[in-house]
Amino acid sequence: MFNHDLPWLPLYAPDIMNAYSKQLKNYTPNTFLDFYNVWNWSFE
């Protein structure tokens with residue numbers, strides 16, 4: 001595999017701790033995006 005064959009190579013991923021309410025449904029933590037999948041979130 002050569003460098004020009006790779007579409008994207010992450011060299012760094014920060015340590016992240018996410019806290020959220022148990023009432024928040026469909027929340028999926030993501031390493032790089034804070035609001036990933038936000039359109040599917042809901043509160044009960």
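Student: What should I know about the model and the numbering?

Tutor: This is a predicted model, in which local features need pLDDT of at least 70 and side-chain atom pairs count only at pLDDT 80 or more, while totals for chains, interfaces and linings use all residues. Residues are numbered from 1 along each chain as its sequence is written, and side-chain values use heavy atoms, with hydrogens and water left out.

Student: How many helices and strands does the chain have?

Tutor: The chain has 0 helices and 2 strands, where helices (H or I, at least four residues) and strands (E, at least two) are DSSP runs numbered from the N terminus. Strand β1 covers 24-25 and β2 covers 42-43, with a loop between them.

Student: And what share of the chain is buried?

Tutor: Of the 44 residues, 7% count as buried; buried means under 20% relative accessible area, exposed over 50% and partly exposed in between, with a 1.4 Å probe and protein chains only. The chain exposes about 4,500 Å², of which carbon and sulfur atoms supply 58%, and these areas come from the Shrake-Rupley method with a 1.4 Å probe, where for residues only the protein chains shown count as cover.

Student: Now the aromatics, how many pairs are there?

Tutor: The count comes to 3 aromatic pairs, by a rule in which rings of Phe, Tyr and Trp (its six-membered ring) pair if their centres lie within 6.5 Å, with planes under 30 degrees apart counted as stacked, over 60 as edge-to-face and the rest as tilted. One of them joins Tyr-20 and Tyr-27, whose ring centres are 4.4 Å apart with planes at 55°, so this pair is tilted.

Student: Is Tyr-27 buried or exposed, and what else does its ring pair with?

Tutor: Tyr-27 counts as buried at 17% relative accessibility. Its ring also pairs with that of Trp-41, and because the planes stand at 70°, with centres 5.1 Å apart, the pair is edge-to-face. Both residues lie in the loop between β1 and β2, so the pair ties together parts that are 14 residues apart in sequence. Trp-41 is partly exposed at 22%, as is Tyr-20 at 45%, and ring pairs link Tyr-20, Tyr-27, Phe-35 and Trp-41 into a cluster.

Student: Which other residues does Tyr-27 touch?

Tutor: Not counting residues up to four places away in sequence, Tyr-27 touches Asn-18, Tyr-20 and Trp-41, a contact being heavy atoms within 4.5 Å. The side chains of Tyr-27 and Asn-18 are also joined by a polar contact of 3.3 Å, that is, a pair of N or O atoms within 3.5 Å in which, within protein, one must be able to donate a hydrogen and the other to accept it, and residues adjacent in sequence count only if both atoms are side-chain atoms.

Student: What about Lys-25, where does it sit and what does it contact?

Tutor: Lys-25 lies in strand β1 and is partly exposed, with a relative accessible area of 30%. Leaving aside neighbours within four places in sequence, Lys-25 is in contact with Asn-40, Trp-41, Ser-42 and Glu-44. Lys-25 and Glu-44 are 19 residues apart in sequence and 7.3 Å apart in space, C-alpha to C-alpha.

Student: Last one, where is Phe-32, and is it buried or partly exposed?

Tutor: Phe-32 is in the loop between β1 and β2 and is partly exposed, with a relative accessible area of 45%.
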